[in-house]
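I opened the sequence and the model side by side and kept short notes.

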Amino acid sequence: MSDDVILEFKNVTKKFPGITALSDVSFNIKRGEIHGICGENGAGKSTLMKILSGVYPHGTYTGEVLYNGKELKLGDRSIRQATEEGIAIVYQELTLVPTITVGENIHLGKEPVERGIINWDKLYSDTDRLLKKYHLDVPSHAMVRHLGVGKMQMTEIAKALSEDAKILILDEPTSALAESEIDQLMDILRGLKKHGVTCIYISHKLEEFFQITDSVTVLRDGKHIVTEQTKKLKVEDLVRHMVGRAMKERFPKGHRKPGEVILEVEDLHAQDPNDRNFEIVKGVSFNLRKGEILGIAGLMGSGRTELVMTIFGEYGKVTQGKIKLNGKEITTKNSADAMRQGISLVPEDRKRHGLVLIQSILRNISLATLSRFSKLFRINDSAELKESMEFAKSLTIKASNLNAKAESLSGGNQQKVVISKWLMSKPKVLIMDDPTRGIDVGTKYEIYKIMNQLAEQGIGIIMISSELEEVLGMSDRVVVMHEDRSVGTLDIADATQEKIMALATGTAAKSKTRKVKK
Amino acid sequence: MTALPATQKESATNAITKQLRGNLQTYALVIALVVIWGLFAVLTNGTYLSPQNVSNLFRQMTITAIMSVGMVLVIVHGSIDLSVGRLAGFVSVVVAILQLRTWHHLFPEQTLLAAILSTICGIGVGTLYGIVQGYIIAYLRVTSFIVTLGSMWILNGAILVATEGKTIAANQEYFEDIGQGYLDPLWGWLIAAGVVVILFVTMILGRRRKAKYGFTLPSMFADILKTAFFAALVVGYVVYVNAYRGIQNPVLILAIVAVIVSYMADNTRFGRYVYAIGGNIEASRLSGINIKLTMFQVFVLMGFLCGVAGVVMASYVGYGTIAAGTGYELYVIAGCILGGTSTLGGVGTIFGAMVGALIMASVTNGLQIMNVPSSWQYVVNGLVLVIAVYADVYFKKNK
């Protein structure tokens, strides 16, 4: 690799009223490399990228950003200008129009036009050429909303590349992807590197830096900590740089003592309530004990969310099999019914399903349990506030006060609000669907501690996770799902990443027979 | 608003500025209202602010404002109701027919009983229509826009059928007092005194309750000042209208309706659910909220309030006519939007909508006094709405 620098940050400082988001940040990014940037939430990654993509134009920060040796001065039309300069960003929240095709999305705002009429043939042939060049396997005529998240992201990348991007910024690109899709993305990025595109790669998943990046920059509290070639680093180094202290374990030790079985699921089958012919759960069996954390592993699309939503009474219609709570068979008509019986669920997508973002923390925490504070018709708002404050305190939600809107909180704190909401319902079984998605290492650790405490209090916790390390680090047992079925339960003592992956990808049958031969 | 648990002792001025800042939008509206009043006062050489005109102005807004109270919840929870004007119109026609043709056969000479029965029947018709409409929207899942658009036509036809194209008098004794009567000034004073007592008692009880739960209380001075301010508003209003003929009956009805529904919006599960659903329907569903039931209830309440408005309308106008309530839905919705209700749902207050309705009524009334032709009144109304919402967007952007 050459030492040719494409981007240089020199003493970049960005202040907001009351906070310094970036303080004196200086480092270089080399041409054609994949450069990882990591740091906890609030470390300044997003602010830095917003300077680069023109959200904060030149003059709103101090210091210099040199692009190809020249100072980058993004003015009034700064965002558009950044794109024209060849700096493109693929946002964490995908920004495509779902109701039009891939080709139209890629050319949105720059459709090939002849005398005011769009030349559709050119548009699609250009699209196809672009997709082929970068080995992006997306059908150009497909409507975006019919695509999976992975393909949507490819479309997003293609859109960026269609602007002739020299620098591609990927903000947590894998947070919504399944393992197989992540592999695909990695391949695409390697391909881009061959074409000379520089990538800036932001992620919370530390392993990914070692898979894909050439060098890594760590930011902490708005300060630049280190920029180093990836091969000279270890995971522990990254964690130490990020949190500013050596964190020996990423998963806190719990003192969980699983008791008797509280929830049993026997050969559960369920169908899509909107489409009778579509079976979404095709045979799942497991049991959950009091005070246990039961991990559910599986690839994205393996039916994990569908399974827990069915148990929670909100999605699937049970056609066969049983759900037993404390030995008694139960049915859950809807979420209210499930809660009454002691089952709560922290949903996967906290912004869409967990929070009313425009409302206060208080209103969010008490939303599911208002009936408890109501006498006749009136809500006792003092009691409501008192209990909500207790949860906010015990879960260490960081906010100026409980009247702050949920949307003003960081991802980790939002998640704590969602967890508080469900704990208020005093569940016996707490289902957590990917509880640490998009949350920084430090807050993850806090959430793990909370989970341990809850389990120690005797709550049975079902945790879905896309991160194998998390499953292995936190669970007492692991249920693996593959194609809407449970394909095995592993005790944590003999669970390994390899065993789980083998089951999750459906290749376990072979390895099993091999084992028998041994 | 939920009171803040003050973490440290804060000074009174601090508390007040905080309060002011928190409700900036509402205060901006109040300021706009004062400016409009001032403007018309100058343009009409003071006639505008005479007790008689102020009394009329408030009376004029009551019918649409009663419906705005319900419309806030309809819009906040993410729906729309286009049928309100015609529903109130239909109710007024039904009530007029009962007044003119039915009651005196059944209960001759019993005008008070007739008025009471008319009121009950009118509200009943509105509520019943709300139940049907709510059922179709919530449980049969036809969008509110379509259902209520259809209702406009249906009710239009129903009004024509019921009236046979004729105008029906509804100006009988007692009944006419509902929309046209005034309270004896003495009653006005008593009500003013009662409201002041209630305001202060609520404040003190609220502080006690907070203290019981161990919260640090906001400064006593700030609380007293705030309560005194609202008390002064009420007393001031009564002084003013008593200088003419006393508290207007329809305004009293509006005030009662607005206070009750406003309390419901903040302090009952129903109210909280409406706002939560408007903010995020999926999160609300997963929180165990019965979405369909809440939606149904919202439309039943809307129907009930259309019933109230229809009864007031019949009495106020004195007739049931084929044009009753035509176009009122626009004033009702505009009042809400002016008052800060978000068309995206989740945000909006009844107090704001009342100020919004008052602004619309103030402009119309001012133009009427100045003898501006009604064609231009429409133009001005439209401009006021768009400019006001633009101002809101502008201030939000530059906050």
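My entries on one residue, the cores and the chain contact follow.

I am working with a predicted model, in which local features need pLDDT of at least 70, side-chain atom pairs count only at pLDDT 80 or more, and totals for chains, interfaces and linings use all residues. Residues are numbered from 1 along each chain as its sequence is written, and chains are lettered from A and ligands numbered from 1 in the order in which they are written.

Entry: T127(A). I found T127(A) in helix α4 (residues 120-133) of chain A; helices are DSSP runs of H or I, at least four residues, numbered from the N terminus. T127(A) counts as buried because it has 26 C-beta neighbours inside 10 Å; the cut-off is 20 or more other C-beta atoms within 10 Å, with C-beta atoms placed from the backbone. Beyond its neighbours within four places in sequence, I list V102(A), G103(A), I106(A) and S140(A) as contacts of T127(A), a contact being C-beta atoms within 7 Å.

Entry: cores. I looked up the largest nonpolar core, which has 174 residues; a core is a set of buried Ala, Val, Leu, Ile, Met, Phe, Trp, Tyr and Cys residues joined through C-beta atoms within 7 Å. I431(A), I461(A), I66(B) and L305(B) touch the most other members. Helix α13 (residues 291-317) of chain B gives the largest share of this core, 18 residues. A second, separate core has 65 residues, L7(A) and Y201(A) among them.

Entry: chain contact. I noted 24 residues of chain B in contact with 32 residues of chain A. On the chain B side, α8 (185-212), α11 (269-279) and α12 (281-286) each supply at least two residues.

How values were computed: A residue is buried if 20 or more other C-beta atoms lie within 10 Å of its own, exposed if 12 or fewer, and partly exposed in between; C-beta atoms are placed from the backbone. Two residues are in contact if their C-beta atoms, placed from the backbone, lie within 7 Å.
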